[in-house]
Amino acid sequence: MSDPTSNPFSAVEPNSDLLSVVLRINGASHALQIDPRATLLDCLRDTLQLTGTKKGCDHGQCGACTVHINGRRRNACLALAAVHEGDEILTIEGVGTPDRLHPLQAAFVARDAYQCGYCTSGQIMSALALLQEPCGPGDDEVREYMSGNLCRCGAYANIVAAIQDVRGQS
Amino acid sequence: MSASHSAPTQASPMNVIGRPHPRVDGALKVTGAARYAGDHYLPGMLYAVPVGATIAKGSITAIDAGVAEQMPGVRAILRRGSFPPLGRAELDMSSADTTSILDEFRPPFDDDVVRYYGQYVALAVADSFEQAKAAADAVRVSYAVEIPDVDPALVAEKMTVKSERGDAEAGFAGAAVTIDQRYAMAPETHNPIETHATLAVWEGDALTLHETTQGVINHRNVVARMLGLPAEKVRVISRFLGSGFGNKLWPWTHSPLAAAAARTLGRPVKLVLSRAMTFQSVGHRPRIEQRIRLGATADGKLTSVRHDYVNATSILDSYEENCGEATPHMYSTPNLRVTAGIARRNIGTPTSMRGPGAVPGLYALESGMDELAVALGMDPVELRLRNEPSIDEGLGVPFSSRHFQECLRVGAERFGWSRRDPRVGAMTRDGLTLGWGVAACSWIAERFASNAAVDLRDDGTARVACAIQDIGTGTYTVMAQMVAERLGLPTDRIEVALGDTRLPAGPVSGGSMATASLVAPIHEAVAKAGAALIAAACAAKDGPFSGSRPEELDFVEGKITAKTGNRQAMGFDTVLKALGMPAISGSGSGTGTFMAPGKPTVSKHSFGAHFVEVTWQPETARLRVARTVSVIDAGRILNPLAARNQIEGSVVMGIGMALFEETHYDARNGAPVNASLADYVVATHADAPAMDVHFLEYPDTSLNALGARGVGEIGLAGTAAAITNAVYHATGVRVRELPLKLEHLMS
Amino acid sequence: MQSFELLRAADPSAAIAAASRSATAQQGASVRFLAGGTTLVDLMKLGVEAPHLLVDINRLPLDGIGRAADGGLRIGATARNSDLAHDPIVKAEYAALSQAILSGASTQLRNAATTAGNLLQRTRCLYFRDTATPCNKREPGSGCSAIDGANRMLAILGTSEHCIASNPSDMAVAMLAYDAMVHIQGPQGERQVAIADFFLLPGDTPDRENVLQPGDLVTHVTLPPPEVGARAAYLKLRDRVSYEFALVSAAVSVTMAEGRMASVRFALGGVGTRPWRVPAAEASLIGQPPGEAAFRQAADLALAGARPQSQNGFKIELARRCLVHALNQVTR
């Protein structure tokens, strides 16, 4: 039988609905008090106001909320924030800034790899992860690896072109 | 990848119009720094989650919010009676400033009658999203339930003639070949990845809305009327919009609801719709049934065209899908009759979805043309070429610029159409059966009334402002291009302000009209700013142009020049500095053509042709769209990089329309049951074919000085028909109900 | 989402002790293990799952993948689907499993989803996911909305008058073909259950989907040693190209000897209320040369007793074609 007092998920105060959690986001630690129900997505947005990560479906069906957790891409909408204490979380805000674009971000601009821009953070976080994943060289393989990120504007061809520019392939 | 993937080059100022130009707002979009409506947070802000009806017909008998109200963080469970009734906005299309247009007229909480599934019956407001959502789930609503009518078989209340010439029936009597077929389309849901969001904040009696809208001015006016406020007390901001495809054109009920909640509770309120709600309460393209009758001579000349269609609409609102928009002008025929009707169902109010009317209409017409070609034993490109009209026979006026035949010829060449074996299933590659199909597209070319202002500043930069929106089409960029070209500046010296009702009134971003609407007001604003600068320079006591008379000077490419003589031109920044003026402004305005009174003197439309190759593997019933060629005649293309993206995106959406997209209403409770992005299937990266997009560039100056029409919607028109025509060529199966599913092909 | 308490289990026995307090390990459980969360958090948002206690098992040492003592494979319960699909042993020796996993969901979801979570993922039936409608699986006795509703995606095999929900897993289909063994640690100790016996048919208790009892923790799955010379594949058919659940799928593995099939394994997905395998259908091919007629006959045996619903009758023929094509692929 576990001893509840040893549970690392301790409430801020007795009877409080909030948990005290330290999250590592873009290299910085954030001491937060969060609702256990809060997803990583809502925590990033509502608590930290890191709004680059978007909510499109809230059910793992569109990819707009893609972030990296310990170097791997995940849907932040299906991750409970409190569970990720101690994990290294990377969001779009940690990839580059308007003045210092990551090469992938610059490629997205050059290729017009978006329209409305709403799914773009998720596309870039997936593409950034893809660079380290066992994805084959061809456009078809990139398309398959990117299919967890819907773009309703349909800028798919340009997104693949941008990724292939950075990979040095096409 | 096709050749269309050559890397874009940064435009120099002199050729900034018509060259591929990366977006000026691109760096904000790729870094997550662009702030969309839902990205704003205010101190003390509350979160609202609507409670939607779980019936589609009946009435509310009780709302038990006892449990919900006691939950942690809950501020209120609002319902009918929680705040004074909201007013009803009336239609007003009199000017850019007073526009008031909406599709769902009933204000939220107006009565206890439920007319569609998901209609808002209560609103939970709490300190956090988690709390508000849990509270909304805990509200218990009792209903007197009636059986809803969501019957997909549509019978019109009455049919109205939309266009008629000659004698359509007599035209069939004399035809050698006739076609009479019915085509149905499932309801489609727009599904922009950004769901609708409103952040409402009151300061005294003034309201600000951070809103997902394709029209800030229109949204302001509608919400002001519903809240009983003068329009100037409402500010609507939409600087970045996660697209809309039409479902953010007109205000929906969540927005005044959020505003009323914020007023009632005295705190800012944020309301973001769930994905499921966007299937219920913010419009959709309704189910449409169409009948196409064509008659032709043995050599393929049309003798008669009939196009009759019915769309579903909601109980209270009469949304009409104008499917016959393109039919009267697409082909030459002496006899034609187009009729339309609506059928009321217990569904949310439909609304414009990308290419409303023409997109479903051309699916039917272009399917019928393909069937006619088969019946005639004629090549479908040839059939279309043979029926080219010399004027718009519907309006009886000439076209401003029509190059449809060239679209067909250039497309056929780029696609390799001459190698097409017309026999069904005769073409193969790598063990797959190939199908090649073609279809035409057309879309209106109009403009809205708009204003704009331009500031020239002493640091050599300029600012252009208009209360228009960038919905993803590239409006920020094209506005910067227009000003840059006039001032001879690179676009990075142009600041663009849009998406705010405090700016000069601009139009909705819809109908593919934004770009065309902006040209005249922006050109005039630049010219007026230049004229003001000349006047100031001439009037100055001791400045570079003191003593000159304004009529001796010109303002060209950002410089004041003398009309005669060798005097050195001087840039506006230098002049401003010399005058000690930080900036000088000019404003401009342009008139609208869309729905303007009186009979038009020219017919303004864009045209195009799509060629599609599908692959079919009968052993696994696997159907794929492999490659497409789209040739588009949309006037001068101001930014080919963004324009090509619009057409490619439309083709991708067209694949969804043809093969995947269907909102399924459950006959028992009237719910759109597949209200998610897993169950409403849209195209993924892996579904995108190899796409070749080519623009014929014939400037159409009937609409604006730059000769631009618009490209946001035309690419979706015709795509589904080209796909289903290709499927017929591969399989011999003619599917006349979208979406086409693999089981249709398995017989 | 309803409020809950969150507990991080220090070790498996603590997790088991906490979960054993739940009245059921099935629908309606008051205690749930949380691993990748891709099913559970999704269903909690929909109100379909409403546990009072979540036991976070992500940090338990259950994520290993490695060679088992018998030469087979031992797959930890919390090994991520991505790790399993890209594991060199899996790719080389259990190709159908790797392909099955990679055909499912998206990279993001596979990075989160775990072995046990995938085995236990819930049906995608629209009505199961909608608490405003009757569903016998979600709320026993309330009725089945799918039988007279949207059922194109649902099962044609193993259905009952109470439930026609299809099992959505791709991974489990391949594991079934490979004769996986599910290892469970519970309040009464450890046990193992063949995957063929792990999933229950809906019958008149569609809320019960598997043999797990309160407190039972799937610790790992083992696969027997690979068959020498086997050629295997997973073929998944669906409407769009990627990121969609199967209409039908087939995991196949065949070894050949002197031009005849020496061993044949296959299982079907997308068609059954559980991953579907018919040993007699496999046996019908043993000793035969590969061929369309034989494959079709085997497919008929595999689909014997299929009961189409109003919208999914095409699945019978589609499943036949899927199986025949997959068998052709590995015997060509």
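What follows is a working chat about a predicted model of a complex with chains A, B and C.

Colleague: Before I look at any detail, what ipTM and pTM does the predictor give the complex?

Modeller: This is a predicted model, and the predictor gives the complex an ipTM of 0.97 together with a pTM of 0.97.

Colleague: And what is the mean pLDDT of each chain?

Modeller: For chain A the mean pLDDT is 94, with 94% of its residues at 70 or more. Chain B has a mean of 96, and 98% of its residues reach 70 or more, while chain C has a mean of 98, with 100% of its residues at 70 or more.

Colleague: Where is the pLDDT below 50 in chains A and B?

Modeller: In chain A that applies to residues 1-5, a stretch that has four contacts in the model beyond near neighbours in sequence. In chain B the pLDDT is below 50 over residues 1-13, and this stretch has 30 contacts in the model, again leaving out near neighbours in sequence. Where pLDDT is low, the predicted coordinates should not be read in detail.

Colleague: Fine, let's take chain A, then. How many helices and strands does chain A have?

Modeller: Chain A has five helices and five strands, and read from the N terminus its elements follow the order β-β-α-β-β-β-α-α-α-α. Along the principal axes, the C-alpha atoms of chain A fill a box of roughly 55 × 35 × 25 Å.

Colleague: Which domains does the assignment give for chain A?

Modeller: The assignment gives domain 1, covering 4-94, and domain 2, covering 103-167. Their centres, taken over C-alpha atoms, are separated by 25 Å, and the contact between them takes 14 residues from domain 1 of chain A and 15 residues from domain 2 of chain A.

Colleague: Switching to chain B, how is that chain divided?

Modeller: The domain assignment of chain B gives domain 1 as 38-147 + 192-279, domain 2 as 373-445 + 602-745, and domain 3 as 450-590. Between domain 1 of chain B and domain 2 of chain B the C-alpha centres lie 37 Å apart, and eight residues of domain 1 of chain B are in contact with 11 residues of domain 2 of chain B.

Colleague: What does UniProt place at residues 31-147 of chain B?

Modeller: An unreviewed UniProt entry places the feature "domain: Aldehyde oxidase/xanthine dehydrogenase a/b hammerhead" at residues 31-147 of chain B. In the model that span is 12% helix and 30% strand, and its end C-alpha atoms lie 50 Å apart.

Colleague: Which residues form the nonpolar patch on the surface of chain B?

Modeller: The patch is formed by B:L91, B:M93, B:F594 and B:M595, which together have about 430 Å² of accessible area. As for B:L91, this residue lies in the loop between β3 (74-79) and β4 (113-114) of chain B.

Colleague: What about backbone geometry, say the bond that joins B:L738 and B:P739: cis or trans?

Modeller: The peptide bond between B:L738 and B:P739 is cis, with omega at about 0°, and B:P739 lies in the segment after β28 (737-738) of chain B. Another backbone detail concerns B:E557, a residue other than glycine with a positive phi, near 50°. B:E557 is found in the loop between β21 (553-556) and β22 (559-562) of chain B.

Colleague: Moving on to charges, how many salt bridges are there over all chains?

Modeller: The count comes to 86 salt bridges over all chains. One of chain B's pairs is B:D308 with B:R293, whose closest N and O atoms are 2.9 Å apart. This pair links distant parts of the chain, with B:D308 in strand β14 (residues 302-313) of chain B and B:R293 in strand β13 (residues 288-296) of chain B, 15 residues apart.

Colleague: Last one, chain C: what is annotated there, and which domains are assigned?

Modeller: The annotation "domain: FAD-binding PCMH-type", from an unreviewed UniProt entry, covers residues 1-228 of chain C. Over those residues the chain is 25% helix and 17% strand, with the end C-alpha atoms 49 Å apart. The domain assignment gives domain 1 of chain C as 5-56 and domain 2 as 231-331, and 35 Å separate their centres, taken over C-alpha atoms.

Conventions:
Residues numbered from 1 in each chain as written. Chains lettered and ligands numbered in written order. Predicted model: local features only at pLDDT ≥ 70, side-chain atom pairs only at ≥ 80, totals over all residues. Heavy atoms only, no water. pLDDT = per-residue confidence, 0-100. Contact = heavy atoms within 4.5 Å. Patch = residues over 30% accessible without salt bridge, like charges linked within 9 Å, V, L, I, M, F, W, Y side chains within 5 Å. Areas by Shrake-Rupley, 256 points an atom, 1.4 Å probe, with all protein chains shown as cover. Salt bridge = Lys/Arg side-chain N within 4 Å of Asp/Glu carboxyl O. Helix = DSSP H or I, 4+ residues; strand = E, 2+ residues; numbered from the N terminus. UniProt positions renumbered as here; feature names shortened; annotations may be inferred. Domains from an automatic or database assignment.
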